[in-house]
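Work through the exercises below with the model open. Try each task before reading its solution.

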Amino acid sequence: MQKIINNIKNIAKNYTAKSKWSHDWEHTLRVHNIAMHIWKIENADMEILEIATYLHDIARHKQDESNWVICHAEYWAYMAETILIDLWIEKNKNIKILHCIKSHRSRWNNIPKTIEAKILFDADKLDSIWAVWIWRAFLFAWEIWAKLHNKDVD
């Protein structure tokens, strides 16, 4: 299984190179790390979760290119099925991985139903909260005209 996961990581890394910085490979790795921490607590299927986290945003560039007409989660879930079959992922896991990918974007459509899908959804949102927190700190500093560097402090 580790060989399959390594192949999936390479596929995902190549696809995320086409994405904007907010959904690049670094985002994928952060989501993966957050999900792996939650997995330990929730006792989910690690293989399903690991594969889904690596693949969750690889069609993001398609959404950007379409001016958000295409939903990257739905588009990729459709495309991922062929890749997962080609990698010999068993059908039951394949279905669960595709559900994770399809339901990671929004709780309005394609509601996450499995523990793995809920973990991926939460990990993806937790990463964005972290990014928003950093941006908010810079925005607040700008609002109060705070200096980001004090030349008098080593």
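**Exercise 1. Determine the handedness of the crossing of H3 and H6, then describe its geometry and contact.**

Solution. 
- Step 1. Viewed in this predicted model, H3 and H6 cross in the right-handed sense.
- Step 2. Take the axes of H3 (residues 46–55) and H6 (residues 91–102): they come within 9 Å. Their crossing angle is roughly 45°.
- Step 3. List the residues that make the contact. H3 supplies Glu 47, Ile 48, Ile 51, Ala 52 and Leu 55. H6 supplies Lys 93, Lys 96, Ile 97, Cys 100 and Ile 101.
- Step 4. Sort the contact of H3 with H6 by class: seven nonpolar residues, three charged and no polar.

**Exercise 2. Find the residues with the most contacts inside the largest nonpolar core, and the elements that build this core.**

Solution. 
- Step 1. The largest nonpolar core has 30 residues.
- Step 2. Ile 8, Ile 51, Leu 55, Leu 84, Ile 89 and Ile 97 have the most contacts inside it.
- Step 3. Now assign elements. Two or more core residues come from each of helix H1 (2–16), helix H2 (25–42), H3, helix H5 (72–86), H6 and helix H7 (115–143).
- Step 4. H3 gives the most to this core, with six residues.
- Step 5. Link back to Exercise 1. Ile 51, Leu 55 and Ile 97 belong to the H3 and H6 contact, and they are also among the core residues with the most contacts.

**Exercise 3. Which residues does Ile 89 contact, leaving aside its neighbours within four places in sequence?**

Solution. 
- Step 1. With those neighbours set aside, Ile 89 touches Ile 4, Ile 51, Leu 84, Asn 94 and Ile 97.
- Step 2. Compare with the core. Ile 51, Leu 84 and Ile 97 are, like Ile 89, listed among the residues with the most contacts inside it.

**Exercise 4. Locate Asn 43 and decide: is it buried or exposed?**

Solution. 
- Step 1. Asn 43 sits in the loop between H2 and H3.
- Step 2. Check the backbone. Phi of Asn 43 is near 60°, a positive value in a residue other than glycine.
- Step 3. Apply the cut-off. Exposed means over 50% relative accessible area. Asn 43 has 67% relative accessibility, so Asn 43 counts as exposed.

**Exercise 5. Summarise the fold of the protein chain.**

Solution. 
- Step 1. Count elements: seven helices and zero strands.
- Step 2. Of the 154 residues, 40% count as buried.
- Step 3. Among contacts with a separation of 6 or more, 58% join residues 24 or more positions apart.

Technical notes
Residues numbered from 1 in each chain as written. Predicted model: local features only at pLDDT ≥ 70, side-chain atom pairs only at ≥ 80, totals over all residues. Heavy atoms only, no water. Axes fitted to C-alpha atoms, helices over the stretch in contact; angles between N-to-C directions. Helix = DSSP H or I, 4+ residues; strand = E, 2+ residues; numbered from the N terminus. Left-handed = near helix turned anticlockwise from the far one by under 90°. Contact = heavy atoms within 4.5 Å. Nonpolar A, V, L, I, M, F, W, Y, C, P; charged D, E, K, R; others polar. Core = buried A, V, L, I, M, F, W, Y, C linked by side-chain atoms within 4.5 Å. Buried < 20%, exposed > 50% of the residue type's maximum accessible area, 1.4 Å probe, protein only.
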